[in-house]
Each structure stands twice: as structure tokens, then as C-alpha cells.
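Please read the following report alongside the sequence and the coordinates.

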Amino acid sequence: MMMLPQLNFSVIGVEILLLLVASIIFLIDKFIANKNYAFFLSLITVIICAILVLFTPFGDFTQAYKTDFYSSTVKLFLIFGTLLVLLISYNYLNSYTFINLGEYYALILFSLMGAFLMLSAMDLVTIYLSIELMSFPVYFLIAINYAYNKPSLEGSLKYFIVGSLSSIFLLLSLGVIYYFTGTFYLKEIFVKLSESPYKKELLLAGMLLLISFSIKLSMVPFHMWAPDAYESAPLPITSFIASLVKFAAMAVLIKIILIAFSPLKVQLGQLLIPIILLSILIGNIMAIKQDNIIRMLAYSSIAHAGYAGLGLISADFVGYSFIIFYMLIYLIMTLGIFSILVVFANSQRELLYIPNMAGLSKTIPFISFLILIFMFSLAGVPPTAGFMAKFYIFLSLVKSHYVWVAVLGIAFSVIGAYPYLRVLKVIYMDEEKLTGINYRYDWSFFIPVGITSILVLLIGVYPKPLVEFVQRTLFLYLSTLYFPH
Amino acid sequence: MLTQGHYLALSSILFLIGLFGLLFRRNLIVILVSIEIMLNAIIILFASISYYTKDTSGYIVVFFIIAMAAAEAAIGLSLVVLIYRKLRRIYSDEITFFKG
């Protein structure tokens, strides 16, 4: 008789809580008139999740799921981002009341649960299933905007078709891996891979995996969905896709390469060089001619995914930890700039077009100054966090002897400064066009903007503790992985 | 006598049919059907590997893929129905609201 394994439910408490709350919101949403309950319920849930993640014991739930140092750290970062997204959504949905609030917050919680499962998954089938759980709610969240903007269905459909193509490529890669190694578990794949004679065939599997993930990360040959989907989504959801979904996908890609494909990671990094250089170049060049600031930020997010991917080329764990650092900084910057754009969208939607922003610095000097901070950070100007993130990424590249890639990346990032500085030029130097906005600022605006702007300046001046924390996380994770006590 | 090669050939032909359908057909429903064809090709791949190596985990993946294909079809069809009702369009080259 076969022994059933002990099921250790305390390990997946966070996911169970998210599942229960999201299902409850879907169940009772019809019967409650005051729709703001969903916001407070999900806010409290996410805060409880943060506490639960801190106190969850590390361990396995069957063989497919494992909480460990790495996944818990990234989960904490994601929870921080989700809290800010919820606050931004509250501010945004006060003005856009036709969007159904209950479904909106429940779908965000479902997507977050998918990201959590994906981060702790220890085999490729679980990763596939949870990547789908992460992206299915996002299709609906984009399409939910059709009450205000009917063409937004187009963006949702494009994202859906491209996303299903990405999952099909992931499945193909799974098939190749299963054919040549006969297993799905990451650790067993590592063992089989290091003694397997089929290195070239498994490199093909790794390539299919990279295709699938670069669709999710909107790297260049597969980036065409990104601007349309970003423009058609409600603003908080745009920031959710741009920061959180990309962060989770990047963290999982690092995990797969680090555990399963570590004998092939140098070759995989070399395969990524053209994709990543192209996505930096094309993202930055296409951002120049955009007049809609959301499309501009979409192209800039393509370029930023490219910068983060530079760490994958360097193929050592220092480079990987700098990717996590970069994605964290990018999350903070994106959520900051979007929490300001929500004010524009709420008061006068025309302000989202860059030429209409002319002369805003005279009417709203404080918000203009905040935009200046975030734009400098996105462009990578020194006293801000964006510079530090780029600095460490390029440092890791130079250390692993890819100097020409680093030089090209820096040259492309000079082009990338133009679109951000153009916004600042229009705001600070042009003649006034639209009369100033009269808007009532409340706590749901000040909390996210305050936290993100202070963090951007603070990390820009003194990045050392955060960098060392992220680096130690990956180092500890690797040492417990290869030398279990 | 059928060997594993036959199954792999069938799977790759089906996959290519699906891929070309996705790339070159204009009707949204046909695009959704092409996605399903590709998923079915992958199902055949997993089932044949499982059958010839006597390992059951491939069969389990087949069930997961069937469930996911159903979920994907539900989402895709609901989106297409919404597009037809709100925008009155069904061909992919007519849906051009976003450019550049």
C-alpha cells in the first residue's frame, strides 16, 4: 500500500485566505448596495496576507509547492505593490462608478493568488497552471473598461490571443522537457539535465520557455500587444500589469533558470542578448513619437523589461539578484507615476495627452515636481532610485565580461531619456494651454504618492541596505537549495 | 504498426495547422478554434509520450490541459460575443482602433 504524504496546510495559508475572500466577494456582491465594502475587505485581506507571509513556516506542500526564503521575499514585495494598487484603484473608481467594484477587487485578488502559487511552485505543471490563473483575471480586468471606452475590448482580445499563444509555447517546452528527461520537477530536471546527452534538445526547450516568458514580459518581437492593452485598461490595472505581473513572471523565470536550467544558463543568456538589446532600443525609440502618456509608459515598460533582462545575460546569482532589485524599483516608480496620472484622469481626461500638459507647473507646482521626480527616476538620472537600479545591472554585466552589451545598453538608454525629458519640457517650459485642474485630494492619493516618492529618493541616495537584503536572499536561497541541512 | 514517430508527426502537423490558422485567418471564431487545435496537438504529444514510456504524469497533464482549454474557450468566446455586440465587428482586420 502506498503511503499518502502528510499534507501541511499551514504552508499554503496565504493562498487559501485569498481564494476564500475572493470567492466570498463574488458570492455576496449581488446583495450589498454599498459597493465600497469590497475595497476595505480586500485591503484588510492583503494586510493579513502580509502578516501571514511573515509568519508562515518554510516547508513543502506535497512535492509541487514549497515556501522558502526567495518566494516569501518576492511575495512581500508583491503585497506591497498590491496595497498601492488597491489605494490607486479606490481613488480612480470614485470617479468611474460604472465599473463593477466587487468583481474588480475579487479579480485582483485571484490574480495575486496565481502569482503567489507561481512563486512557490516547484514543478513546471504547477507553474503553467498558476501562470494561467494569474493572467485570466487580467483579461477580464482590461475588458471591464468597455463601459467607458468601447475599443478597450480590442486591447483585451489582443492580450488574450497573445497570452494563450504564450501558454501554448510554455506547454511545448514542457513537452520537450518531458520527452527528454521524463519528469516535471525542477530539481529532478536539474539532475537529469546535468548528466543528459541531449543538451541541444533541452536548449530548444529552454528557448521555447524564453519565448513564452518574453511574451508575458513584452520583450520585443512579441511586444505588439502591450501598448494597446495598456491603453485600453483602466489606469490602476495598467499599473498592475506593468509592475506586478511582470515582476512575478520575471521572478519565476529566474527561479526556473536558477534551479532547473542552471547547467545551460550561460547559453540561455547568450540566446537572450539580441532580444533584450532590441527591446531596449525599440521600446525607447517608439516611446519618442507617442503623444498619449500611457502609450509612452507602455513602450517605456518594454524598455525597462529589457534593462531588467540584462541581468539574465550575466548568468550568475549576483546578476539575478539585481534583476529582483530592478523590478522592485520599477514597481515603485510605475505605481508612483500612475497614482499621479489617476488625478489627471479623474479631473480632465485630456490631460493624459502630453501636448495638453503644457504649463502645468504654474497651476499645480507640487504635482509637477512629483512628476519630475518620477520621470527622472524612469530616465535614470542620478539622485533617484532608477539610476541606482540601472547602475547595479550594468555593473553585473561588466563583471561577467559582457562589456559590449553594457556599452550598447547605455547608449540606448541615452535615447530613452528623451521621451521622459520631453514630458518635463512640456510641463515646465511651454505656454499654458488648459486652465488648471480643481481637484479634491484625499488620503487615497497622498498615501501611495508619498510612500513611492519618498522611497524613490531614499533608495536613490542610500541603496545599500535594500541591495544587500536582496542579494542575501538569493544567496541564502541557493545555499539552502544545494546544501540542505 | 504505429510507432511513437507517427504520433509525434500527427501532433506537429496539427500544431502547424493551428499556428497558420491563428496567423492567417481573419474570423475571430476561427482564431479561437485554431488555439484549441494547437492545445489538442499538445495533448496528443503528452499522451503519446506517456503511453510509450509507461509514465502516468503525462496523462495527468492531459487532464489539466483539457480543463485549461475549456477555461480559455470560455474567456475567448465571451470576449468575442462582447466585441460583436458592442462594436459590431467579427473580422480581425476590421478591429483597428489602436495604431502605432
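A:Ala287 belongs to helix α11 of chain A, residues 265-288, where helices (H or I, at least four residues) and strands (E, at least two) are DSSP runs numbered from the N terminus. With 24 C-beta neighbours inside 10 Å, A:Ala287 counts as buried; a residue is buried if 20 or more other C-beta atoms lie within 10 Å of its own, exposed if 12 or fewer, and partly exposed in between, with C-beta atoms placed from the backbone. Leaving aside neighbours within four places in sequence, A:Ala287 is in contact with A:Met296, A:Tyr299, A:Ser300 and A:Pro419, two residues being in contact if their C-beta atoms, placed from the backbone, lie within 7 Å. A:Ala287 and A:Gly416 are 129 residues apart in sequence, yet their C-alpha atoms are 7.9 Å apart in space.

## Basis of the model

This is a predicted model, in which local features need pLDDT of at least 70 and side-chain atom pairs count only at pLDDT 80 or more, while totals for chains, interfaces and linings use all residues. Residues are numbered from 1 along each chain as its sequence is written, and chains are lettered from A and ligands numbered from 1 in the order in which they are written.

## Helix α16 and its surroundings

Helix α16 of chain A, residues 385-399, has 15 residues and reaches 21 Å from its first C-alpha to its last, close to the 21 Å expected at 1.5 Å a residue; the expected span is 1.5 Å times one less than the number of residues. Among the buried residues of α16(A) are A:Met388, A:Lys390, A:Tyr392, A:Ile393, A:Phe394 and A:Leu397. What covers the buried residues of α16(A) includes α12 (293-314), α13 (317-347), α15 (365-379), α17 (403-429), α18 (443-461) and α19 (464-482) of chain A. A:His401, which follows α16(A), has a positive phi, near 65 degrees.

## Two helix pairs in chain A

Helix α2 (residues 37-55) and helix α4 (residues 101-120) of chain A pack at an angle of about 15 degrees, with their axes 9 Å apart; axes are lines fitted to C-alpha atoms, for helices over the stretch in contact, and angles run from 0 to 180 degrees between N-to-C directions. That makes α2(A) roughly parallel to α4(A), given that angles under 35 degrees count as roughly parallel, over 145 as roughly antiparallel, 65 to 115 as roughly perpendicular and the rest as oblique. The contact is made by A:Ala38, A:Phe39, A:Ser42 and A:Thr45 of α2(A) and by A:Leu101, A:Gly102, A:Tyr105, A:Ile108 and A:Leu109 of α4(A). These residues divide into six nonpolar, three polar and no charged, where Ala, Val, Leu, Ile, Met, Phe, Trp, Tyr, Cys and Pro count as nonpolar, Asp, Glu, Lys and Arg as charged, and the others, Gly among them, as polar.

The axes of helix α6 (residues 152-181) and helix α9 (residues 225-232) of chain A come within 8 Å and cross at roughly 140 degrees, and α6(A) and α9(A) are therefore oblique to each other. By class, the contact of α6(A) with α9(A) has four nonpolar, four polar and four charged residues.

## Where chain B meets chain A

In the contact between the chains, 28 residues of chain B touch 27 residues of chain A. On the side of chain B that touches chain A, α2 (28-53) and α3 (57-87) of chain B each supply at least two residues, and α3(B) gives the most, with 15 residues. That side of chain B divides into 21 nonpolar, four polar and three charged residues.

A:Lys150, found in the loop between α5 (124-143) and α6 of chain A, touches B:Lys86 and B:Leu87, not counting residues up to four places away in sequence. A:Lys150 is partly exposed, with 15 other C-beta atoms within 10 Å.

Most residues other than glycine have a negative phi. With 8 C-beta neighbours inside 10 Å, B:Arg88 counts as exposed.
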